[in-house]
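Please have the sequence and the model open while reading.

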Amino acid sequence: MAPLPKPVNISRVFLGWNTPPLPAAAGELVKRYRRAGTLDLSHTVVVVPGKRVGRALRELLVDAAAREGLLLTPPEVVTESNLPERLYSRQKPFASPLVRLLAWTAALRGLEPGLQRILIPHPPHPDDHLRWLRIGEMIGRMHVELAADGHDVDTILRVAETLPGFVDHARWEAIRGSRQAYHNTLHDHGLWDEWHKVKLHCSYPVGVYAELDVAGS
């Protein structure tokens, strides 16, 4: 496996409260990237909470460039849901939500008996497919929520070791075992879990990421 590239340095810019957020963001981009009659944002990815915000930002950049006589090369504007694919080179297709659910369910069903008893003290009957699917959905959703915050089961276990009186270590180890079984299942079918690969294969293919958080959009 090739070594991961060094992460870029991240700086945060607070735009303040005196100007609406989108005009302030457009102004910051113009100030940062204008060079000798040009406004080249071709190596910039702007992350926005919705497509409507993205369209409005593009219009503000066009207006600013025209007003100041700058030749504009617009940025790539993406929503948060499309950002993960910009952070690594995809080598396998992503598993769909349904396939991920089925993979979690299969992983939990086939989990080593000792780990399964810890994680599911009263497992459903083998023919109770609906209950197994619900358990798979619950465990899968927990992993997605952890990944969305930049964490995983390993993070939980590392922090837990520093907490006096933590008594849930065995259950989290069982959860880690289920995660490995889940990824093995996807691997056997030539698939990736997009949340997991964002964490492992982040490669920063463009120069700058800017995220706009606009309330009410």
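Leaving aside its neighbours within four places in sequence, which residues is Leu115 in contact with? Leu115 is in contact with Ala174 and Gly177, where contact means heavy atoms within 4.5 Å. The model is a predicted one, in which local features need pLDDT of at least 70 and side-chain atom pairs count only at pLDDT 80 or more, while totals for chains, interfaces and linings use all residues. Residues are numbered from 1 along each chain as its sequence is written, and side-chain values use heavy atoms, with hydrogens and water left out.

Leu115 lies in helix α4, helices being DSSP runs of H or I with at least four residues, numbered from the N terminus. Leu115 is partly exposed, with a relative accessible area of 25%; buried means under 20%, exposed over 50% and partly exposed in between, with a 1.4 Å probe and protein chains only.

| Pair or helix | Value |
|---|---|
| Side-chain oxygen of Asp152 and backbone nitrogen of Asp154 | within 3.1 Å |
| Axes of α1 and α2 | within 9 Å |

The Asp152 to Asp154 approach is found at the start of α6. In helix α6 (residues 153-160) the buried residues are Val153, Thr155, Leu157 and Ala160, and these pack against α5 (129-148) and α7 (169-188).

Helix α1 (residues 21-33) and helix α2 (residues 51-68) have axes, which are lines fitted to C-alpha atoms over the stretch in contact, that cross at roughly 50°. The contact is made by residues including Leu22, Pro23 and Ala26 of α1 and Val53, Ala56 and Glu68 of α2.

Conventions:
Axes fitted to C-alpha atoms, helices over the stretch in contact; angles between N-to-C directions. Helix = DSSP H or I, 4+ residues; strand = E, 2+ residues; numbered from the N terminus. Polar contact = N/O pair within 3.5 Å; in protein donor to acceptor, adjacent residues only side chain to side chain.
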